Amino acid sequence: MSQTQLSACVFGASPGTGNQGVNALCFSTLEAMAQRGCNDLHVFDYGQATRPARFGELQYTLHGISVGKRLWRSNHLGTARLAAMAGFHAHSVVRTVANADLVLDVSGGDSFTDLYGGARFRNIVAPKQIALRVGKPLVLLPQTFGPFTSDANRRIAGDLIAGASLAYARDPDSYARLQDLLGDRFDPSVHRQGVDLAFGLRARKCAHLEPNVMEALTAKGKRPIIGLNISGLVANQPRAAATRFGLTCDYPALIRQLMMRLLDETDAQLIIVPHVHAPTGHYESDLAASRALVQSLTGRHAAAAKDRITIVNQELDACELKWLIAKCDWFCGTRMHATIAALSSGVPTVALAYSLKTRGVFDTCAMASSSIDMRSEVNASALDQVMSLWQQREYCAATLNQRLENVRTRGSLQMDEIAGCNIQGQHVGRMLEC
């Protein structure tokens, strides 16, 4: 483990978006690096200034970057990339990167792809290009790579990964794509299969929890507590989501049917846990989706919901959410990092997945069969699988906990490697071979 005093820049994990999955990536990275002697941490977000920030007792610096058409802004990411290419280090973004020992980039966990359009792809690759251009060790933190629809973008991605000092895929499926991207440039000492950073996130007890949630938690030990996470991204605009992700399930109907069966077939207390906080009316709001779907229950299910379904209305942060999710006896979620909070706490967990990434991460814990792909299942089969996994929860918990210690150890070792990556500007994998 390196104890060298380090300065590190972190890209692709802005803590101010309301997405607690991205926040989990940010905070787990900061804490792990600080534990390994990195006392000068710089995180890039979409604010407009450089300002001090704090995560618990950990102090770090936030640097605002801008994107889009306003190229004249002094912190514009596109002009920073051009400045770096020209060797002009006076640009504020380039200067901060050039002064760091190490550049860490997580691409939001799943955004190193061109599926979201050309502008988004350019914004994702720009920090990586800047780091390599100014000669700083670049570490691609555990993330999903691809897919890429354009051959040109695929080549750009391959070149950036090949130039990184370390590159981690966060699951077996993505690791296979990483190898395919690199071809004969693949080097197993540098290109690794890692563990999602959120497995290492520290849970923190909520200082003030709303009374109805506290009351729901008193069911612990008397009857099961089931945690549910409903994705606003999929529920609030279901037709658009079905088209975008290729879903064969009717997601709002599936969630409604699941709540009804859980109310009918169990005596459990249900706690619905939003994991992406968004303004009222925003299509990503998990809270809005949760409220709407609970309110859509009728008859005896609506009556039962008043006593047995509790929605978390507070905007808890990633660490507090992990603490709360760990109180559940079983968890079913759609936001991947909500399910990681459960998995990493040893809670038997089911994912209602809308992309391949979820199954790969579950496979890290030997739980791939607990990821139900809504792109290939219809409601009836998906619902039957969920309820079957509820019945198998004790077996799933035992399987998970047998695997979890190894996953945590791998996560700790990968952070040791990352913190040591700047030593003499060498690849960590090559150093370990010496």
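How many salt bridges does the count come to by this rule? The count comes to 18 salt bridges, where a salt bridge is a side-chain nitrogen of Lys or Arg within 4 Å of a carboxyl oxygen of Asp or Glu. Keep in mind that this is a predicted model: local features need pLDDT of at least 70, side-chain atom pairs count only at pLDDT 80 or more, and totals for chains, interfaces and linings use all residues. Residues are numbered from 1 along each chain as its sequence is written, and side-chain values use heavy atoms, with hydrogens and water left out.

**View 1. Asp416 and Arg36 pair up in a salt bridge.** Their closest N and O atoms are 2.7 Å apart. Asp416 belongs to helix H17 (residues 393–419) and Arg36 to the loop between helix H1 (20–35) and strand E2 (38–45), so this pair ties together parts that are 380 residues apart in sequence. Helices (H or I, at least four residues) and strands (E, at least two) are DSSP runs, numbered from the N terminus. Buried or exposed? Asp416 is buried, at 17% relative accessible area, and Arg36 counts as buried at 5%. Here buried means under 20% relative accessible area, exposed means over 50%, and partly exposed is in between (1.4 Å probe, protein chains only).

**View 2. Asp110 and Lys357 meet through their side chains in a salt bridge.** The N to O distance is 2.4 Å. This pair links distant parts of the chain, with Asp110 in the loop between E5 and helix H4 (118–133) and Lys357 in helix H15 (residues 356–364), 247 residues apart. Lys357 has 14% relative accessibility, so that residue counts as buried.

**View 3. Asp196 forms a salt bridge with Arg170.** Look for the closest N and O atoms, 2.9 Å apart. Asp196 sits in the loop between E8 and helix H7 (211–217), while Arg170 sits in the loop between strand E7 (166–169) and H6, 26 residues away. Both ends are buried: Asp196 at 2% relative accessibility and Arg170 at 1%.

**View 4. Helix H5 (residues 151–163) crosses helix H6 (residues 172–182).** Two packed helices are described by the angle between their axes and the distance between the axes. For H5 and H6, the axes come within 9 Å and cross at roughly 100 degrees. That makes H5 roughly perpendicular to H6; angles of 65 to 115 degrees get that label, under 35 is roughly parallel, over 145 roughly antiparallel, and the rest oblique. Axes are lines fitted to C-alpha atoms, for helices over the stretch in contact, and angles run from 0 to 180 degrees between N-to-C directions. Arg154, Gly158, Ile161 and Ala162 in H5 meet Leu178, Asp180, Leu181 and Leu182 in H6, with contact meaning heavy atoms within 4.5 Å.

**View 5. Eight strands make an open sheet with mixed pairing.** The order is E3-E4-E2-E1-E5-E6-E7-E8, and two strands pair if DSSP finds at least two bridges between them. Strands E3 (50–55) and E8 (191–193) stand at the edges, each with a single partner strand, so one side of each has no neighbour in the sheet. On average, neighbouring strands are turned by 25 degrees against each other, direction ignored. Zoom in on E5 (residues 102–105) and E6 (residues 138–143): they run parallel, joined by three bridges. Val103 stands opposite Leu138 in E6.
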